[in-house]
Amino acid sequence: MTYLDSLNLTEMQVGFGDLGMHGSLGYEDRSVSVNRQSYKHALSTHPPARLCFQLDDRYASFSCQVALNDDTPAGSSYAHFFVRADGIEVACAPYVVAGGPAREVAAAVAGAHLLELIVETTAWDNCHAVWLDPQVTVTPLGVQRRTLDDPLGRARIDLPSPRRDLQCCIATVVSDGFETWLDDLLASLKIYGDCDDAALLVFGVEAGNGCRRVAEKYNALFVNCQRRANLNSTVKSILYSSGQVLPARKFICLDADMLVLGSLRPIFASIEVAPTASVFACREANGSRFTRLDTAIHTIYGGRPQDFGRLLGNSNGEGAYSLVVNDGIFAGSRTALLAVEGLIRSWTSASAWVDERRDVWWRNQFVFNLALAHSNCGLELDPVFNVQLNSQDVWLERENGRARALWQERPVRVLHFNGRGRNRYADWRPIISGRSRS
Amino acid sequence: MYVDGLPIIESAVGYGALGTRGSLGYDDQTVRVGEEAKNHALSAHAPSRLTFFCGGEYQRFVCKVAINDDVADQQTSADFSVWADGRLAAVATQVRAGDSPREISADIAGAQRLYLAAQTIQWPFCHSVWVDPEVTRDAPSQNWSDALGRVAVQSPPAAIDLDYCIATVVSAGYEHLLEGLLASLERHQWPNKTRLVVFNIDDDAGCAATIAKYGAYAIPCGLLARRNASLKSVLYSVASLVPARYYLCLDADTLILGDLRPIFDAIDAHPPDTILVARDAFLKQGSLISQLREHYRGEDRDLGTLLGRVTEDSIYDMLVNDGVFAGSRFAMLALDNLIRNMPHAAAWVDFYADHGWRNQFIFNLALARLRCGVELDWRYNLQMHVNDPQLATSEGWPRATWRGQTAHVLHFCGWGRNKYPVWRKQIAG
């Protein structure tokens, strides 16, 4: 066994102070201490941080714990920890919160020449992230966890094999019986989406070969999921976990009942220039009917005012949050999505609350809204990126052989056949997706 | 001539019928705005569009826009836009029930068709009204002035064919800052049909030489107000003078260190009235009203003086620095329109001779009222008066790192003005 602090450090970048080694925090004359225990071989890396170590194919596994140092007030910050071997992400500990227990991290690094330790956060102040006595050994790792439950316990996700960093990913979720919807979505994305360089990710819940074949037709990565709850639309909370499944820098998540009619590239650009914590979504019902979350919980989700306290523990004005969104399309940096997912996962009552009303099978969306409100991280997308046909009408036409939809005289970029809008404009769906030329 | 006397080519309204000659067009009601009947109003419930034939005979379109008096305060709002032969000529957004009517004035010279649109996301009771709209044959004044009356432009620029406008403003004594900005802009790639436009106060010869050196488009302008930092508010009105699809406005004391094309690309991701802008690094805490008192030497009653009726604007908490901001033509025209509809704003900005940046409060107030601010990351406006990044030059390229991230725009504002002089000279060549 070899501690990393004795290996050759080839690159180092930290977001504040110095790299802390041998028990030092690296700034403010402080020491590493987690749950009142000191760690002589800790590496203290205030994010954004990246350390590179030369392994030279001499080790088989990496392990340590990660945490935020005791001097960070509980709950005031968090960090995501990533481990890469020769550029491939082999382990990830997202949303490690100050005051919480240290989290185990272990990874297979056999054959690797370069080991990278990376820390990111969107809560920079006092983010005293520490790797507790990280070490490498020649002993291979035991059986690794290869599944992940989504934060609302809807499904168990079979994690794909580790892979390299990607720039952009577009994700969706589908189950048996929705193959045609998936086909239309991916076809329209290809024709109109202007995002050929983005990786496609399809979560299939209890999905058979039909869904898999459609995904393969578009070179999408198909990820198998087993349901852990009633199979209904709440299962799309799987998309909240996208950042744990693929190491892409930017994500756009789409419902399968959508059609893309315009470029999605501005969304990726916006992720680039907005604060890293931002999560982008369109307003519910394309309007300002809902301008407070405490109105929406009652009107849309059949909830009560006291549910804020039940879900959050202590509510802090989240009911007054004015950006009430539809999660048919949402987007953000990986850092942002991991934070939202981690926050939802930390709400232990959320899953039961979602299941409490079987006649309101979209309560996951309220939990998503609550996470945006709690983090104050929502940014409004132009409504043309999610024109919701359960409440909106559009004008469809063909221009130069391409389909076009107008909403309020503006070209629609994404049509959402949600709720009562599911079967509207049925003749147009095959035309938009190219299934029909007539 | 009132527009109701023009031939109407097409009309579509969101409810009822098009109301003319004082009729609301539905519910047997009449147009009343500010408790006055309006006999030449066009009542067009949003979403609505009206197209009139002008035959190229008119120069300007003027009117007020409002929500009819019969609608309860705050119940709805509408966005009004005026188009001349497909060119967006004027915009008034977030016109709310209970607000004073908003004035619109648009150049429609030579237009064959005049198109009036009203949109809403609050359809119920959106009784949107064009109050006695007129077209005139009067030749437009040769003098253009910005919304806060800082400068006058005697010769509006000839038609420039551009999609993307990068704008800044400079005056004598600041050539060195302009040189740094233009040199740093030149290092980066821009979309096709991008043009750099520089407002040159008093047509200073030194600044003109720098502008010419970098092939930027100069707009000479005469000074109408005190020579201080508030002059940069001319940029709030750039869309009313320079036609383009997208605008990026930069203070002359900024340096560009990274690719800014994603800012232009991001504009289309947000609602059309969006202004992208970074938070103020110094005024982090509190609301608009608290910063009015503490930073802008104002009083609570100033909000009423500036805006008329004040609602939730005072608690708006996105306090921004206007050193870098961007938006579509729609958004920038809306910003210009609202500030032009604050009749006391210019006097309020000039009230204290020793407080030269009150214009920035007006900008913040406009964003609060229009609810149109969307946050840019601090990397796109790293304000040097409160931040001290690590600077380096690598293979001839400048680089600034702060909190572990690379800054794209450095803003040498306030007491950060004179930081890192040697490094900055290297950038300016």
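The questions and answers below concern domains and contacts.

Author: This is a predicted model, in which local features need pLDDT of at least 70 and side-chain atom pairs count only at pLDDT 80 or more, while totals for chains, interfaces and linings use all residues. Residues are numbered from 1 along each chain as its sequence is written, and chains are lettered from A and ligands numbered from 1 in the order in which they are written.

Reader: How far apart do the C-alpha centres of domain 1 of chain A and domain 2 of chain A lie?

Author: Domain bounds come from an automatic or database domain assignment. In chain A they give domain 1 as 2-137 and domain 2 as 149-396. Between the C-alpha centres of these two domains of chain A, the distance is 30 Å.

Reader: Which element supplies the largest share of the side of domain 1 of chain A that touches domain 2 of chain A?

Author: Two residues are in contact if their C-beta atoms, placed from the backbone, lie within 7 Å; in chain A, eleven residues of domain 1 meet 14 residues of domain 2 in this way. Helices (H or I, at least four residues) and strands (E, at least two) are DSSP runs, numbered from the N terminus. Strand 8 (78-85) and strand 9 (88-97) of chain A each supply at least two residues of the domain 1 side. The largest share, six residues, belongs to strand 9 of chain A.

Reader: How do the residues of that side of domain 1 of chain A divide by type?

Author: Ala, Val, Leu, Ile, Met, Phe, Trp, Tyr, Cys and Pro count as nonpolar, Asp, Glu, Lys and Arg as charged, and the others, Gly among them, as polar. By this scheme, the side of domain 1 of chain A that touches domain 2 of chain A has six nonpolar, three polar and two charged residues.

Reader: Which element gives the largest share of the side of chain A that touches chain B?

Author: The contact joins 28 residues of chain A to 21 residues of chain B. Helix 4 (265-273) and strand 22 (378-380) of chain A are the elements giving two or more residues to the chain A side. That side comprises 15 nonpolar, eight polar and five charged residues. Its largest share, seven residues, comes from helix 4 of chain A.

Reader: In chain B, which element gives the largest share of the side of domain 1 that touches domain 2?

Author: Chain B is split into domain 1 (3-136) and domain 2 (151-421), where 14 residues of domain 1 contact 13 residues of domain 2. Strand 8 (87-96) and strand 9 (102-107) of chain B each give two or more residues to the domain 1 side. The largest share, six residues, comes from strand 8 of chain B.
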